[in-house]
Structure formats: C-alpha cells, structure tokens
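Hi everyone, thanks for coming along. I'd like to walk you through one model today, going from the whole chain down to a few single residues. Let me put it on the screen.

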Amino acid sequence: MRMSGMALPVVASVCIGFGVTSLWWALPAIGFSFLAGLRVERVRPAAVVFAVLVAAGVLVIGSVPSWIVLGLRFVALAVSTGMGPWLLGRFWRQSQELVRAGWERAERLEREQQLVAEQARLRERARIAQDMHDALGHDLSLIALRAGALKLAPDLARPHREAVQEIRAGAATAIDRLGEVIGILRDGDEGVGGTPAAHGPADSDVPHLVAEAAAAGLDVRSEITGEPDGLPRASEHAAYRVVQEALTNAAKHAPGAPVVVEVAYSADGARVRVANGPAPAPVFAPASAVPGTGPSVSASTPRSATPTGGRGLVGLTERVRLAGGAFTHRARPDGGFEVVADLPRRAAGPVPAAPTAPPWPVRELRRARRTVGRTLAAVVLVPLATAVLLTVALRVWTFYVVGLSVLGPEVYASLQVGQDQAAVERLLPGHRLPYRPPSGPSTPAPPSGEGVSCAYYAITAELFVDRAGDAYRLCFRDSRLVSRDVLVS
C-alpha cells in the first residue's frame, strides 16, 4: 500500500518519539525515514514534519527541565534515525535521476553533434561533386569539341564519321547526365543567407587564389616551394580548398590580420599551412566627430579566424580525409589561428573512417556526478551539523541550569542531619538540578520509606575540573534533613 507524501514522515516521527523510551522503535523509524526520502518527491512535507518534531522536542525540554537527559537521547534519535536516513533516501533517489538524466542529455548532445558533423561532411562532398562536375564537364566538352572537328575532316571515311558522331553525341549526353546528378547532390547546398556556397574553379591554383585575395585588400603573403607535378587531382583540390577556406575565415573573423600561406611540395606529397595573426583592435571616432553617424563602438578583443560553428573545419577535415591526408587546426598563443593539411602524392586508397564526434557530452556526465557528490556530502554534513547544533544548544541550556544550582562546599559542610528543612532551605541556592545526576556504584542509596523527598545540587559549574559532574543529594522526611550524600559521577 502506497502512503501519501505526508504520511511517511509522520509515521517516522511517531517512531522517533517512541524511541525515546524504547530503542527498539529506532528500527522502524529508520525504515520509514528512508522510504520518505526515497519515495516522496517533494522535500517540503518531510522538512516540515521533522522541523515540527524538533521544535516540539525543544519546547518540551524547555518547559520540563527534568527531561534534559531524555532530550539528549531525542536529539540522537532525531538525527540518526530521522534526518540521516531521510537524506540517504533523497541521495539515492537523486543519484538515480541525475545519472539517468545525464546519460539522456549526453546521448542527445552526441546525436546533435554527429548530425552537425555529418551535415558538414555531406556539404563538403557536394562541393567535391561540383569540382568533379567542373573538371569532367570541361574534359567532356573538349572531347565533344574535338569530335565535332574530326567529323568535318574531308578525308574521313563514312563509318569513321558515324563513329565520331556517336562519340560526340555520347559526350554531350554524359555532360547532361553529369549535370543532373550534380544538381541532385547539390540540392539545398546553400551558403549563409541563401546564396550558393562559394566554390572556385576546379583547376585554379593556389598562387592565383592568393593573388586574388591580395587584390581584394587582404594582407597575405605566400611561400610556395617545390612543384605540384604528379600530385593527384583530389590532393590539388584539397590544397586549394584549405587555402580558400582559411583566407575566407581570416578575412571574416580577423580582418586586417596578416596571413601567411605556406605550400611545400615534396616527393611524399604536399603540406599546406595557413596562419593568421590576431585582428588589430579597431579604433572608431566618437559619434560627435562624424556627422550623421551612430553611437561609437568600443574596441573589441581581437578574434582569431576560427570558423563559426566549426562547420568549415569539419568540411575541410572531410575533404582532406577523402584525399587520403590529415588535417589539423589550432589557436595560436598570440591569439591567431592556423590550419595545416598534409596531402599525399600517391592516389588515395581506402579512406579511413570519419572521426567520431568529440567527447563533449562527458562534461555533462561530470556535472551530474558533481551534483550527486554534493548530495552525498549533504547526507553526511547536514545530520552532523544538526546534531552538533542541537547538542550544543542542550549543553548550553544544561550549563545554565547547573550554574543556578551550585551549592558551595562550606554550606554543604555546615548542614547537619536532623536540621529543620526550612532552616536548611534558607542556605540553599534558589534552583536545584532538574534531573537526577548519574552516580558510581559506591554511592549509598537514598533513604527509603514514605514522605522521603530528595533534592540534587551541583558541586561546581566548571567543565574542566575534577568535581565536574558530581552533585550533592539532600533528602528530607517530615520536614527534617535525614541524609546528605556526595554523588560521584
């Protein structure tokens, strides 16, 4: 049978109350407190019940000082069988929820990252398809053109003329089909703002690209060593795209920064490196100095040419990977950015698998684990702090009561058995101990019989002395002092 959110804490509190008289009630109190933390989603019901329980205990102890000893037992039970198991149940519940939520969020983020990376790879493959269209379309057009010229040769036999015509018609058909396929592949491949994604001519070389960037105002310097002879077409296109994308990003994200383009051809392949420095801080004239201008803009922190969202880097990584090479990028210590591509001279064989998404979701799991750890710390520290505070409060109250009930040794020595109770009480302090102090086995038993009443007084209120905890016991019967004893704790 399921109990309501308030029922479990109430039952646990009742068991704690009975546990003051019998420790056997501690076991069901622990069980119900743990279930309250585990099953009750809301914190307020249990917090209210336990707060009322503690407040009632403090009120009762303050009203009935003789229950101070029971109050210490109540504090121990309330913390160990109530608050502690309840927090442990909360910790168990939250740990399971947080771990489950952390895994779900991590999986969702991983799927999103894989989707973004896959989209970037597909876009780059579409660009590669466009490059293939440009190159093959150009070659097929030359074949058709040359076949047309050959058809007009006067000394060509009729069968050969028909064969040439078929070649020309086949080349034209291949061009049309290639255009249709590339159109399907590039459907929806648009750049920012709906404009077609930028792509350069398939056979454009890096020096021409650098010259165009310099003519457009970019502070670019190139260093090209070696010869690209024998470099596969895929590697040539990849080198061109790396330089093109890096120059575009430098112009966009670090305007005015110097850019260095290094291309080194060797027997093994080509190494392309494009590095830019940090963008110089822009200086704007105040709005009042230029008529018709808006508010002035403060100088911003220099930015490195890091592609927004990282899609350009993912695309370059995919293009270089498909060419059989390796692509890396990093932020430089001076605030700039650089990209490096190592491309092989031999034709690319089997292409290695695409890299998996970066392990960013691990941070979400770590955050969830830290939350669980804080909850576990609360399970230990909150009951401990509560126990310390309540114990200190009870001890302070006890020391206050003891300080009011101290009977001086000289007064105790002057008391005589058989003395009138009224005369004795004139010598006693105004308060007595509200509880029976503990005593050792050698302490004599109080007088027996009807009409016997005993009062207890502290010997000293100091904590760190030999007589701390000892007390005097004065017993009266028929308004006469019948015994006086020292209780040694």
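Let's start with burial: of the 489 residues in the protein chain, 36% are buried. Buried here means under 20% relative accessible area, exposed means over 50%, and partly exposed is in between, with a 1.4 Å probe and protein chains only. Before going further, a word on what we are looking at: this is a predicted model, where local features need pLDDT of at least 70 and side-chain atom pairs count only at pLDDT 80 or more, while totals for chains, interfaces and linings use all residues. Residues are numbered from 1 along each chain as its sequence is written, and side-chain values use heavy atoms, with hydrogens and water left out.

The secondary structure of the protein chain comes to eleven helices and eight strands. These are DSSP runs numbered from the N terminus, with helices being H or I of at least four residues and strands being E of at least two. As for contacts in the protein chain with a separation of 6 or more, 70% of them join residues 24 or more positions apart. A contact means heavy atoms within 4.5 Å.

Now to helix pairs. Two packed helices are described by the angle between their axes and the distance between the axes. The axes are lines fitted to C-alpha atoms, for helices over the stretch in contact, and the angles run from 0 to 180 degrees between N-to-C directions.

Here is the first pair on my list. Helix α1, residues 7-19, packs with helix α2, residues 26-39, at an angle of about 160°, and their axes are 8 Å apart. That angle makes α1 roughly antiparallel to α2. For the cut-offs, angles under 35 degrees count as roughly parallel, over 145 as roughly antiparallel, 65 to 115 as roughly perpendicular, and the rest as oblique. The crossing of α1 past α2 is left-handed, a term used if the near helix is turned anticlockwise from the far one by less than a right angle, with clockwise giving right-handed.

Who makes the contact? On α1 we have Leu8, Pro9, Val11, Ala12, Cys15 and Ile16, and on α2 there are Pro28, Ala29, Phe32, Ser33, Leu35 and Ala36. These residues divide into eleven nonpolar, one polar and no charged. In that scheme Ala, Val, Leu, Ile, Met, Phe, Trp, Tyr, Cys and Pro count as nonpolar, Asp, Glu, Lys and Arg as charged, and the others, Gly among them, as polar.

Let me stop at Leu35, which is found in helix α2. At 26% relative accessibility, Leu35 counts as partly exposed. Leaving out residues up to four places away in sequence, Leu35 touches Leu8 and Val40. Its C-alpha atom is also 6.5 Å from that of Gly89, 54 residues apart along the chain.

On to the other pair. Helix α6, residues 206-215, and helix α7, residues 233-253, have axes that come within 10 Å and cross at roughly 10°. That makes α6 roughly parallel to α7, and their crossing is right-handed. Val206, Leu209, Val210 and Ala213 of α6 meet Tyr240, Val243, Gln244 and Leu247 of α7. The tally for this contact is seven nonpolar, one polar and no charged.

Which residues touch the most other members of the largest nonpolar core? They are Val243, Leu247 and Val261, in a core of 31 residues. A nonpolar core is a set of buried Ala, Val, Leu, Ile, Met, Phe, Trp, Tyr and Cys residues joined through side-chain atoms within 4.5 Å. The elements giving two or more residues to this core are α6, α7, β2 (259-265), β3 (269-276), α8 (311-322) and β5 (337-344). Helix α7 gives the most, with eight residues. Not counting residues up to four places away, Val243 touches Val206, Leu209, Val210, Val261, Val272 and Val274. Apart from this core lies another, of 20 residues, including Val20, Ala26, Ala36 and Leu77.

Staying with helix α7, have a look at Glu245, which is found there. Glu245 counts as buried, at 18% relative accessibility. Beyond its neighbours within four places in sequence, Glu245 is in contact with Arg127, Gly312 and Leu316.

Last stop, the loop between β7 (471-477) and β8 (480-487), where Asp478 sits. Asp478 is not a glycine, yet has a positive phi of about 55°, and is exposed, with a relative accessible area of 65%. Ser479 lies in the loop between β7 and β8 too, with a positive phi near 60°. Ser479 is partly exposed, at 43%.

Thanks, and over to you!
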